[in-house]
Protein chains: 2
Amino acid sequence: MPKISDERRTERRDQILEGARRCFAEHGYEGATVVRLEREIGLSRGAIFNYFPSKEDLFVELAVRDNARMSEVWISDGLAAVVRAVVELDPAWLSVYLELFRRVRNDPGFRGRIEERQKEFAPANRARIEEAQRNGEFRDDIAPKDLGTFVNLVLNGLALQRAGDDELPSTELVLSLLDDAIGPRVRRGTPSRTRA
Amino acid sequence: MPKISDERRTERRDQILEGARRCFAEHGYEGATVVRLEREIGLSRGAIFNYFPSKEDLFVELAVRDNARMSEVWISDGLAAVVRAVVELDPAWLSVYLELFRRVRNDPGFRGRIEERQKEFAPANRARIEEAQRNGEFRDDIAPKDLGTFVNLVLNGLALQRAGDDELPSTELVLSLLDDAIGPRVRRGTPSRTRA
């Protein structure tokens, strides 16, 4: 009965990944030892590594899931929803990403694996930007790629401030200023306050 | 002759800090052992720790120097110059900052020391924002504090993408979109392209 088996496998994968996320967030990447992963996930190392052969695999899969979720939010609900989702990310988990920046810089194999998986979302994200330009959500006098990198810049800045428990600008302010930067040009004449 | 002694002390401090910065950038914070610090700085541990009693002191002082430099650039040359300065920061050194985010989150003493020193620049930075609002560089319908946190957000996003060797949006594009977001409202009617 492959159907049930697949369902069970999916459940088990979810259990492993969510436990691993909690463990990384609490102890950091280096501090998430096999013993701690076993305890947090509630499975033996044999069971865990049957699904994910290494800690690196666990991390890459978690990063990809975050990307997938942000991409889904963006595609179905738009930029304001993504900004709100980033602001609500767990700061402790975000700081695990930051811990791994040196590794990403210094280990081309690790970097390559993450980039390879991130590419999965690029076409749909790009299509959504083009749609936003057509329907007047975004200005259309800037290339979609450039709009995308600027939005990423702002989201990364939010994530970084969130990871450091720094004071965040209000979400409404960020959305209002982002709209002034990348919203449709036809609304330029109106003072931004009335558009919030 | 305290004059010469002071000069020598300043030179020595600079030598230690620049060597420590190179050492952190190359080996990461944890990897910057005392032996490696001695080698990179060219002084014995006794001489180094005579100026900075701990590795943490070295890092805090380097972070404060970066802040001081950015503050100086911003005050004397304005926002465009700061954006260019951030884009030119050493990615390897930036990733050391990121490594320490977990520590900053989890160690209130460490966090407190950094925040205490960062406060030194706040009044001058705030005064510069108010001046930029008066002279028409920035819009004046948003509180200086909110403008500051948004600009920080964008600078943090740039620093994060730079640390990860990610593709950066062109500096001109960032400056143009930032100007659309926080530039003076009176220019809203003109299409942004012509204002670059």
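Predicted model: local features only at pLDDT ≥ 70, side-chain atom pairs only at ≥ 80, totals over all residues.
A residue is called buried when its relative accessible area is under 20%, exposed when that area is over 50%, and partly exposed in between, using a 1.4 Å probe and protein chains only. By this rule A:Cys23 is buried, because its relative accessibility is 0%. B:Cys23 is likewise buried, with a relative accessible area of 0%.

Residues are numbered from 1 along each chain as its sequence is written, chains are lettered from A and ligands numbered from 1 in the order in which they are written, and side-chain values use heavy atoms, with hydrogens and water left out.

**The interface of chains A and B**

With contact taken as heavy atoms within 4.5 Å, 45 residues of chain A touch 45 residues of chain B. The two chains bury about 4200 Å² between them, 59% of it on carbon and sulfur atoms; buried area is the accessible area (1.4 Å probe) that two parts lose on being put together, summed over both. A:Arg102, A:Arg105 and A:Leu153 supply 17% of the area that chain A buries against chain B, more than any other three residues.

Between the chains there are 22 residue pairs in polar contact, both residues being at pLDDT 80 or more. A polar contact is a pair of N or O atoms within 3.5 Å; within protein, one must be able to donate a hydrogen and the other to accept it, and residues adjacent in sequence count only if both atoms are side-chain atoms. Helices (H or I, at least four residues) and strands (E, at least two) are DSSP runs, numbered from the N terminus. The elements giving two or more residues to the side of chain A that touches chain B are α1 (2–31), α6 (91–99), α7 (101–106), α10 (144–163) and α11 (171–182) of chain A. The largest share of that side, 14 residues, comes from α10(A).

Helix α6(A) is mostly covered, with 7 of its 9 residues buried. Among them are A:Trp93, A:Leu94 and A:Val96. At the start of α6(A), a side-chain oxygen of A:Asp90 reaches to within 3.1 Å of the backbone nitrogen of A:Ala92.

**Salt bridges**

Side chains of opposite charge can pair when their charged atoms come close. A salt bridge is a side-chain nitrogen of Lys or Arg within 4 Å of a carboxyl oxygen of Asp or Glu. The whole structure has 44 salt bridges over all chains, and 10 are found across the interface of chain A and chain B.

| Salt bridge | N to O distance |
|---|---|
| A:Arg105 and B:Asp165 | 2.8 Å |
| B:Arg185 and A:Asp180 | 3.4 Å |
| B:Arg13 and B:Glu61 | 3.6 Å |
| B:Arg103 and B:Asp107 | 3.2 Å |

In the pair of B:Glu61 and B:Arg13, helix α4 (residues 55–77) of chain B supplies B:Glu61 and helix α1 (residues 2–31) of chain B supplies B:Arg13, 48 residues apart. B:Glu61 is buried at 12% relative accessible area, whereas B:Arg13 is partly exposed at 25%.
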